[in-house]
Each structure stands twice: as C-alpha cells, then as structure tokens.
Amino acid sequence: MRRTGTTRRGALTATGAIAMGAALAGCGSDADDGDGGLKGSGHTEARTAADRSSAERVETSLRKKAAGVSASLLGQYEGVLAAHPATAAGLTPLRDAVRAHVKALAPAKGASLDFVRTRPVGGPEEAVKALAAAERRAAAAHTAALLEAPPELARLLASVAAAASAHAFLLTGLAKETKA
C-alpha cells in the first residue's frame, strides 16, 4: 500500500522543479535587450559611455603608476650592471624580465617610459641586496594596485607582483654568492 501525503522525496523534487522553472524563466526574459531593461533610453547609453570613459582613465592611471614602478626598478638594474659588471650573469635575465614588465604595463601601445639609471651604493653584495629590497617594494606596490584595477589589468599586476617576489628571492640568494 502506498503512503499518501507529502514525503521528503516528494518535497525535494517539487522544490527542485520550482527552482529550475524560476531559473529558466529568468534566463528567457524578453525584457532584457542588453540595455538593462530600459528600452530606448539615451540617458542609459550616455551613462555607460561615461562609466567606460571613467574606467579607462582609472586603468590608464594605474598602468602609468605600475609602469613607473617597474621603470624605476629597471633603472636600478641598469645602474648595478654598469657599476658592477661581475653581476651581469645573474642580473641580466632578471633585468630583461623587468624590461618586459615595463612594456606590458605601459599605458598605450608604442608608449615608452624612460628610466633613470641610479647609482648603487656600496659593493656588489650591497647593490644586489638593494635590488632585492626594491623588488619587494615593487611587488608590494603592484599588489596594492590590484584593489582598484579592472580584471584584465589585475591579472597582469598579479603576475608582475609574483615575478617581483620571485626576483627578490633570487636576488637574496645571489647577494650571498657575490661577497666581495
């Protein structure tokens, strides 16, 4: 004999069916024509254009700051390499990576950011330690910029920050090896 009334299995099946129906009804709404449900609203189009323009300004500003941080770091690498040619084997690949970061972060295609070659203080070991500290500061700066960055730029900044952290680790080891 079959039990009458509501069972747990029946209640769960009915709840699932209702939820699925609501989800499908929401997906097929013909009120959504891509304009947020406001048909023929010129005000909405103007607002989204202004939002896009504002987002582009924010992204350009973040790119300039991040590229400036990397360009400054590149200048430090160039200074250490010029002052201590014996460190070239260990520093050249890292410097080249930082140069690629500057190019990737540049706000516009073809735009180049100049860097100022800084003069390192001390011997090779101190210079490499200073580079490691600069890489840690760069990683922190790029990580802090993630909070304001749009998704595409945030992914790039996260990658550059991770690379800067790895560079700092490698430079710390290199500093121990380059005792004068």
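Biologist: Which pattern does the protein chain follow when read along the sequence?

Modeller: Please keep in mind that this is a predicted model. The secondary structure of the protein chain comes to five helices and zero strands, and reading along the sequence therefore gives the pattern α-α-α-α-α.

Biologist: What share of the residues in the protein chain is buried?

Modeller: A residue counts as buried when its relative accessible area is under 20%. Of the 180 residues in the protein chain, the buried ones make up 28%.

Biologist: How are H3 and H5 oriented towards each other?

Modeller: Two packed helices are described by the angle between their axes and the distance between the axes. For H3, residues 88–105, and H5, residues 151–177, the axes lie 11 Å apart and the packing angle is about 165 degrees. Angles over 145 degrees count as roughly antiparallel, and H3 and H5 are therefore roughly antiparallel.

Biologist: Which classes of residue make up the contact of H3 with H5?

Modeller: On the H3 side the residues that meet H5 include Leu91, Leu94, Ala97 and Val98, while among their partners in H5 are Leu153, Leu156, Val160 and His167. Sorted by class, the contact of H3 with H5 has no charged residues, three polar and 14 nonpolar.

Biologist: Is Ala97 buried, partly exposed or exposed?

Modeller: Ala97 has its place in helix H3 and is one of the residues that meet H5. Its relative accessibility is 23%, and because buried means under 20% and exposed means over 50%, Ala97 counts as partly exposed.

Biologist: How are H4 and H5 oriented towards each other, and what is the handedness of their crossing?

Modeller: The axes of H4 and H5 come within 8 Å and cross at roughly 160 degrees. Since angles over 145 degrees count as roughly antiparallel, H4 and H5 are therefore roughly antiparallel. The crossing of H4 and H5 is left-handed.

Biologist: How many charged residues does the contact of H4 with H5 have?

Modeller: The H4 side of this contact includes Glu125, Lys129, Glu135 and Arg136, and the H5 side includes Leu157, Val160 and Ala161. By class, the contact of H4 with H5 has 13 nonpolar residues and five polar ones, and the number of charged residues is four.

Biologist: Is His142 buried or exposed?

Modeller: His142 has its place in helix H4, residues 124–145, and takes part in the contact of H4 with H5. Its relative accessible area is 2%, and because the limit for buried is under 20%, His142 is buried.

Biologist: How far apart in space are His142 and Leu157, C-alpha to C-alpha?

Modeller: Leaving aside neighbours within four places in sequence, His142 is in contact with several residues, including Ala66, Val69, Leu105 and Leu157. His142 and Leu157 are 15 residues apart in sequence, and from C-alpha to C-alpha they are 5.6 Å apart in space.

Biologist: How far does H5 reach from its first C-alpha to its last?

Modeller: H5 has 27 residues, and at 1.5 Å a residue the expected span is 39 Å. The reach of H5 in the model is close to that expectation, at 39 Å.

Notes: Residues are numbered from 1 along each chain as its sequence is written. This is a predicted model: local features need pLDDT of at least 70, side-chain atom pairs count only at pLDDT 80 or more; totals for chains, interfaces and linings use all residues. Side-chain values use heavy atoms; hydrogens and water are left out. Axes are lines fitted to C-alpha atoms, for helices over the stretch in contact, and angles run from 0 to 180 degrees between N-to-C directions. Helices (H or I, at least four residues) and strands (E, at least two) are DSSP runs, numbered from the N terminus. Angles under 35 degrees count as roughly parallel, over 145 as roughly antiparallel, 65 to 115 as roughly perpendicular and the rest as oblique. Contact means heavy atoms within 4.5 Å. Ala, Val, Leu, Ile, Met, Phe, Trp, Tyr, Cys and Pro count as nonpolar, Asp, Glu, Lys and Arg as charged, and the others, Gly among them, as polar. Buried means under 20% relative accessible area, exposed over 50%, partly exposed in between (1.4 Å probe, protein chains only). The expected span of a helix is 1.5 Å times one less than its number of residues. A crossing is left-handed if the near helix is turned anticlockwise from the far one by less than a right angle, and right-handed if clockwise.
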